[in-house]
Amino acid sequence: MIEVKNLNVFYGREHALSNINFSIDTNTTCAVIGPSGCGKTTLLYAMAGLITPRSGEIRIHGQRLRGIRKDTGIILQDYGLMPWKTVWHNVALGLVIRKLPRDAIHGRVTAVLKELGIQQLKDKYPVQLSGGQKQRVAIARTLAVRPDLLLMDEPFSTLDALTKEHIQNLILTIHRHNPMTLVLVTHNIQEAVFLGRRIIVMGKASIKHILDNPTFGRENVRDKPEFYDMCLKVRKYMGRV
Ligand SMILES: Nc1ncnc2c1ncn2[C@@H]1O[C@H](COP(=O)(O)OP(=O)(O)OP(=O)(O)O)[C@@H](O)[C@H]1O
Ligand SMILES: [Mg+2]
């Protein structure tokens, strides 16, 4: 379980997160949604151990978070690929840093490239890739280290509608095949409802509402009216002051 208790984060005098409380069950998914500047990225960074809160605590599987954790994967908005490395070497990066043996690296990189359908891109450089392809490489690189907690910050915001749906489907499939807890930050309501078993609606620096999403994971859910009912529900909470 991931538990966030009475979390307060400041940037100088700005109170960026004010008394945040929520929990996420192990191996489920959670979407964090809210307007620009409300503190979504700040919350994700705090959960990644990249920023230290003024007060409160984050517990991951019972352990209090203190700094970066090796089993947490994070995918940032700009993908963070190394332009001078090929797709293969970008995906292998985390494993090289963790000093895995060469054979193990080869096996894992091959498997994850296949899972994401990007084997044919392995010798290309990031500059030669489309947005959706870069996104998949960034996901592959993070999955290669087999995180138990995956944090994603607006991962699909720059993709066109169809590529976006395709990669959202892919994320759901990956989540089904690889047990991990997924936390996804977005400002898109449909994305939150498609990918979040639990949905946290944020207002400025605080949580407005937490919803459980019974439509999560249903087959062809985008074709079902209950999906759009759930979207409307989230929208209502976003509008409330
Ligand atoms: N490094 C920083 N130093 C000072 N203030 C910051 C810093 N990072 C963010 N802030 C401020 O904290 C608040 C929350 O920012 P954050 O980036 O978490 O918002 P967000 O919800 O992710 O927004 P967006 O949807 O635009 O990405 C904003 O008012 C922002 O200006
Ligand atoms: Mg942000």
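Strand 9 (residues 198–203) is mostly covered, with 5 of its 6 residues buried (20 or more other C-beta atoms, placed from the backbone, within 10 Å of a residue's own). The model is predicted, so that local features need pLDDT of at least 70 and side-chain atom pairs pLDDT 80 or more, whereas totals for chains, interfaces and linings use all residues. Residues are numbered from 1 along each chain as its sequence is written, and chains are lettered from A and ligands numbered from 1 in the order in which they are written.

Strand 9 runs parallel to strand 3 (residues 29–33), to which 4 bridges join it, and Val201 is the bridge partner of Ile33. With strand 10 (residues 206–212), strand 9 pairs in the antiparallel sense over 6 bridges, Val201 standing opposite His209. Pairing requires at least two DSSP bridges, and strands (E, at least two residues) and helices (H or I, at least four) are DSSP runs numbered from the N terminus.

Ile33 is also among the residues that touch the most other members of the largest nonpolar core, which has 62 residues; such a core is a set of buried Ala, Val, Leu, Ile, Met, Phe, Trp, Tyr and Cys residues joined through C-beta atoms within 7 Å. Helix 4 (residues 131–144) gives the largest share, 6 residues. Because domain 1 (1–71 + 148–241) and domain 2 (74–146) both contribute residues, the core lies between them; the domain bounds come from an automatic or database assignment. The centres of the two domains, taken over C-alpha atoms, are 24 Å apart.

Note on methods: Buried ≥ 20, exposed ≤ 12 C-beta atoms within 10 Å, placed from the backbone.
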